[in-house]
Amino acid sequence: MKKLIAGNWKMNGSLAANEALLREIAAGLSGQPACAIAVCVPAPYLAQVHALIMATPALSAIDLGAQDVSSQASGAFTAEVSASMLKEFACRYVIVGHSERRQFHGESDALVAEKAKAALAAGVTPIVCVGETLAEREAGQTEQVVKRQLAAVIHTNGHCISEIVVAYEPVWAIGTGKTATPEEAQAVHAVLRTQLKAATDHADRVKILYGGSMNAANAASLLGQTDIDGGLIGGASLKAPDFLKIIAAVP
Ligand code: PEP
């Protein structure tokens, strides 16, 4: 399976900064990359980034993604963005259930599952984030937490589950500079793969990304693990040299 390196720009960027970042990435991307690449950008910049990708041959390997989606198709949901809107703006992916959404916006497992369903219905691939907090890891609850989070998505999406991407993002590793060791990450990825196998005959085609302070120095060892099918990259995706080094580290 081709690995996927997806940047999560979070709430960063400006028209000028986005263009400069993408031009630097374009200059550094040589030939056909070994992996699939995506950038998940703030909603107001989807059109700009799509236009830049279309206009720049060196960026043609990059897919566009959003960072959140409404669980609703349309209607009186002020400020929400629907999956069909993301589709119209050429999004291939949308992140759902990022820990910053779960933590700061109270998103429940059930809501995240509904968001994944709305994305799939519109033909947009949800990147479903799961992961434990530090307290949960220290209490020995890692497996239980990620299985509960993924179970909600499996329950709501049935056989479509083979169409999602999963991102294992230990909350304690996001933006902290602390990374799970390759062995720690692989252990959780193996648990998630087993859970997917029980739900679908096509679990082997579900990409399970690792996210949490992945950088140029640790990418190769993480991406070398059997069940790590790529990375969801926050901070390092905002620096072209770092993002390019992670792409180049894909085995
Ligand atoms: C993220 O926010 O999805 C993430 C992985 O962030 P960082 O790489 O900065 O830890």
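Guide: The model is predicted, so local features need pLDDT of at least 70 and side-chain atom pairs count only at pLDDT 80 or more, whereas totals for chains, interfaces and linings use all residues. Residues are numbered from 1 along each chain as its sequence is written.

Visitor: Why is Ala6 called buried?

Guide: A residue is buried with 20 or more other C-beta atoms within 10 Å of its own, exposed with 12 or fewer, and partly exposed in between; Ala6 has 26 such atoms, and is therefore buried. Leaving aside residues up to four places away in sequence, Ala6 touches Ala38, Cys40, Gly65, Tyr93, Ile127, Leu209, Gly230, Leu232 and Ile233.

Visitor: How do you know that strand β1 is largely enclosed by the rest of the structure?

Guide: Strand β1, in which Ala6 is found, covers residues 4-8, and five of its five residues are buried, so that β1 is largely enclosed. Leu4, Ala6 and Asn8 point one way from β1, Ile5 and Gly7 point the other way, and all are buried. The names of strands (E, at least two residues) and helices (H or I, at least four) refer to DSSP runs numbered from the N terminus.

Visitor: Why are β1 and β2 said to pair?

Guide: Pairing requires that DSSP find at least two bridges between two strands; β1 and β2 (residues 36-40) have five bridges in the parallel sense, and therefore meet that requirement. Gly7 stands opposite Val39 in β2. β1 also pairs in the parallel sense with β8 (residues 230-233), over four bridges, where Ala6 has Leu232 as its bridge partner and Gly7 stands opposite Ile233.

Visitor: What makes the eight strands a barrel?

Guide: The strands close on themselves in the order β1-β2-β3-β4-β5-β6-β7-β8, with parallel pairing, and neighbouring strands are turned by 25° against each other on average, direction ignored. Angles are taken between lines fitted to C-alpha atoms, for helices over the stretch in contact, and run from 0 to 180 degrees between N-to-C directions.

Visitor: Why is the unit of β1, α1 and β2 called right-handed?

Guide: The term applies if, with the strands pointing away from the viewer, the path from the first strand over the helix to the second runs clockwise, and β1, helix α1 (residues 15-28) and β2 make such a right-handed β-α-β unit.

Visitor: Lys10 and Ser213 both have positive phi without being glycine; what makes Lys10 partly exposed and Ser213 buried?

Guide: Lys10, in the loop between β1 and α1, has 19 other C-beta atoms within 10 Å and is therefore partly exposed. Ser213, in the loop between β7 and α9 (219-223), has 20 such atoms, and so is buried. Phi is about 50° at Lys10 and near 55° at Ser213.

Visitor: How do you know that the radius of gyration of the chain agrees with that of a compact globule?

Guide: The globule rule is 2.2 Å times the number of residues to the power 0.38, with the radius taken over C-alpha atoms; for 251 residues a compact globule would be near 18 Å, and the chain has 17 Å, which agrees. Along the principal axes the C-alpha atoms fill a box of roughly 45 × 45 × 35 Å, and 45% of the residues are buried.

Conventions
Contact = placed C-beta atoms within 7 Å.
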